[in-house]
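Please read these notes with the model open beside you.

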Amino acid sequence: MDSAAEPGSAKSDADPHALEDEGDIAADYIEELLDICDLDGDIDIDARGGRAYVSVNSSEDSNLRLLSQPDTVQALQELTRLAVQTKTGGFSRLILDVGGSRKIREAELARLVASAVDRLEVGGEASVALDPMSSYERKVVHDLVAERGFVSNSEGEGRDRHTVITAA
């Protein structure tokens with residue numbers, strides 16, 4: 001069987017039309033949630049790197065920041081993915097950002113990587129294991145580590161999956 005025809009396969013996930021559909025379904029779900037919570041937010045949809053990205057922002061000082069805490073965004077992302085999967089029948093790798101929380105988290109991860117690299121270079125440690133994090137965050141860490149000329153690998157299973165950084 002051709003994997004391009006299988007829902008949830010890597011090839012169908014990278015299909016721009018499928019990603020647009022994922023984004024539209026996710027945006028509808030988030031818009032309903034915002035209405036229920038009586039929150040204002042502008043929703044932007046993008047597709048890149050084989051993923052749909054949905055961003056919720058507010059141009060004014062709103063209570064949207066209540067939903068922008070990392071744990072809350074992660075939980076909303078999982079609920080939104082479930083809503084998309086229910087409608088499409090396929091696995092979703094959708095990324096949700098609320099109030100710029102992803103950029104804030106990426107800056108935190110950059111500081112974490114800088115500290116780990118410092119422990120390798122200055123402290124002489126053979127490797128540095130980071131705390132468990134989501135697959136998206138591990139991907140960001142892998143990219144940051146590679147930019148600095150070091151090596152990283154994911155280890156562990158499930159909620160214990162984490163990144164270990166070593167010298168190249």
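1. Helices (H or I, at least four residues) and strands (E, at least two) are DSSP runs, numbered from the N terminus. This is a predicted model, in which local features need pLDDT of at least 70 and side-chain atom pairs count only at pLDDT 80 or more, while totals for chains, interfaces and linings use all residues. Residues are numbered from 1 along each chain as its sequence is written, and side-chain values use heavy atoms, with hydrogens and water left out.

2. Start with the cavity. On a 1 Å grid over the protein atoms alone, a cavity is a set of points where a 1.4 Å probe fits but cannot get out; a pocket is an open set with protein on both sides within 12 Å along at least five of seven lines; lining residues have an atom within 4 Å of a point. Grid points are joined across faces, edges and corners, and a volume is the space filled by probe spheres set on the points. Searching the whole structure gives 1 cavity of 30 Å³ or more, and the largest cavity holds about 30 Å³.

3. Which elements each supply at least two residues of the lining of the largest cavity? They are H2 and strand S3 (95-98). H2 gives the largest share, 3 residues. The lining consists of Ile30, Leu33, Leu34, Val56, Leu64, Leu67, Leu76, Leu96 and Val98. By class it has 9 nonpolar, no polar and no charged residues (Ala, Val, Leu, Ile, Met, Phe, Trp, Tyr, Cys and Pro count as nonpolar, Asp, Glu, Lys and Arg as charged, and the others, Gly among them, as polar).

4. Next, a helix pair. Helix H2 (residues 16-37) packs with helix H3 (residues 70-88) at an angle of about 125°, their axes being 9 Å apart. Axes are lines fitted to C-alpha atoms, for helices over the stretch in contact, and angles run from 0 to 180 degrees between N-to-C directions. H2 and H3 are therefore oblique to each other (angles under 35 degrees count as roughly parallel, over 145 as roughly antiparallel, 65 to 115 as roughly perpendicular and the rest as oblique). On the H2 side the contact (heavy atoms within 4.5 Å) is made by Glu22, Ile25, Ala26, Tyr29, Ile30 and Leu33, and on the H3 side by Leu76, Leu79, Thr80, Ala83, Val84, Lys87 and Thr88. This contact has 9 nonpolar, 2 polar and 2 charged residues.

5. The largest pocket has a volume of about 530 Å³. It is lined by 21 residues, and the closest to its centre are Gln74, Met133, Ser134, Ser135 and Glu137. H3, helix H4 (101-121) and helix H5 (135-147) each supply at least two lining residues, with the largest share, 7 residues, coming from H3. By class, the lining has 5 nonpolar, 6 polar and 10 charged residues.

6. The second largest pocket holds about 390 Å³. Of its 19 lining residues, Arg48, Tyr53, Ile95, Glu106 and Tyr136 lie nearest its centre. Two or more lining residues come from each of strand S1 (42-48), strand S2 (51-57), S3, H4 and H5. The lining divides into 6 nonpolar, 2 polar and 11 charged residues.

7. How far apart are the axes of H4 and H5? They are 10 Å apart, and the two helices pack at an angle of about 50°. H4 and H5 are therefore oblique to each other. The contact is made by Arg102, Arg105, Glu106, Leu109, Ala110 and Val113 of H4 and Tyr136, Glu137, Val140, Val141, Leu144 and Val145 of H5. It has 8 nonpolar, no polar and 4 charged residues.
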